[in-house]
Amino acid sequence: MQKAWRTVVAVAMALSALLMGVRVWSAGPAGPPPAAAPYAGLLAGRTVVIDPGHGGWDPGAMTRRAREADINLAIAEMLRRLLVGTGARVLLTWSRARPIPTHRKYRVQARSQWINRQHADLLVDIHTNVGSGGVGPQVFYWDGLPSRLLADAIQEELSGFTRTHRRVTRIDQYVLRHSLIPAVNVEVGFLSHAQEGARLTALQYQRDLAWCIFVGVLRWFVGGAMPPESLPPPNPAELLQR
Ligand SMILES: [Zn+2]
C-alpha cells in the first residue's frame, strides 16, 4: 500500500474508533464509561480535585430560580463522571453522597487544607456568577503558568460553546491563593442574566458545560502533545444521558 493511502486508512480507522467510543460512552449504563471510550486510561494515575463552591448552610448566589451551590454541585458531579472515565482519581470537596451538614459553618480554610492534603495534580473550583449585565462563563486563576494554561484551555472551550467573550483573569481568592497545585475557578455563567440564568438550571446545559471543562482539562493534561483538533468537538448532545 502506498504511504499516502496507509495514512488515510489509519486516520479513518482512528476516527471511527473514536466515534464508536463516544457512542458507546453516551449509551452506556450508569457508572464509569466502558473501556472502549476514547479516553479510557488517558489520565490513569492522575488525581483531580473538584471543589463545588459553597454548600452546607451557604447556598452562594441566589435568585428566585436557583441556588448557586446546587448548580455548582450538579456540574461538579457531571465533570467527575467524565474524568473517572479517563482513569483519573477524582475527589470532590463535598457531594450529594457526602454533603456539608447545613448546621455546620462553612470554613474555607479547612476546605483549602483538605484540598492540599490530597496530593492532586490540579484543582477545579466551580462557581456560578451574578452581577448586573454580566453574561458568559469566565475562568479565574491566581498565579503560575500551569494555572494560567489550564484557565486558558477551559475558557476557550466554554467561550466557544457559549459564544461569549469573557477573558481569563487573575483573582485573589482564598482557595486559589493557598492552593499548592495548579488551580482555577470556573464561573460557569451568570445566574442573574435572564436567558443564561434559565439555561444554567437545565440539565442538558449543565452537561454541556461539564463537557467543555472536561475537554479543557484533557487539553491541559496532554500539554500540546495532542492538538485540540484531534479531540472530538465539545458537546455531543447525548453525552452523560444514562
Ligand atoms: Zn460562588
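The legends below describe close-up views of a predicted model. Residues are numbered from 1 along each chain as its sequence is written. Because the model is predicted, local features need pLDDT of at least 70 and side-chain atom pairs count only at pLDDT 80 or more, while totals for chains, interfaces and linings use all residues.

**View 1. Elements of the protein chain.** The protein chain has seven helices and six strands; helices (H or I, at least four residues) and strands (E, at least two) are DSSP runs, numbered from the N terminus. Along the sequence their pattern is α-β-α-β-α-β-β-α-β-α-β-α-α. Of the 242 residues, 42% are buried, a residue being buried if 20 or more other C-beta atoms, placed from the backbone, lie within 10 Å of its own.

**View 2. The largest nonpolar core.** A nonpolar core is a set of buried Ala, Val, Leu, Ile, Met, Phe, Trp, Tyr and Cys residues joined through C-beta atoms within 7 Å. The largest one holds 58 residues, and Val48, Ile75, Leu79, Val124, Val184, Ile213 and Phe214 touch the most other members. Helix H7 (residues 203-222) gives the most to this core, with twelve residues. In soluble globular proteins, nonpolar side chains tend to be buried together.

**View 3. Helix H7.** H7 has 20 residues, of which 17 are buried. From its first C-alpha to its last H7 reaches 29 Å, close to the 28 Å expected at 1.5 Å a residue; the expected span is 1.5 Å times one less than the number of residues. Gly223 follows H7 and has a positive phi, near 55°.

**View 4. Helix H2 and its crossing with H7.** H2 (residues 68-84) comes within 9 Å of H7, axis to axis, and the two cross at roughly 50°. Axes are lines fitted to C-alpha atoms, for helices over the stretch in contact, and angles run from 0 to 180 degrees between N-to-C directions. H2 and H7 are therefore oblique to each other, since angles under 35 degrees count as roughly parallel, over 145 as roughly antiparallel, 65 to 115 as roughly perpendicular and the rest as oblique. Of the 17 residues in H2, 13 are buried.

**View 5. Contacts between H2 and H7.** Two residues are in contact if their C-beta atoms, placed from the backbone, lie within 7 Å. Residues of H2 that meet H7 include Ile71, Ala74, Met78 and Leu82; on the H7 side, Arg207, Trp211 and Val217 are among the residues met. Ile75 touches Ile126, Val188, Gln206, Leu209 and Ala210, not counting residues up to four places away in sequence.

Methods: Buried ≥ 20, exposed ≤ 12 C-beta atoms within 10 Å, placed from the backbone.
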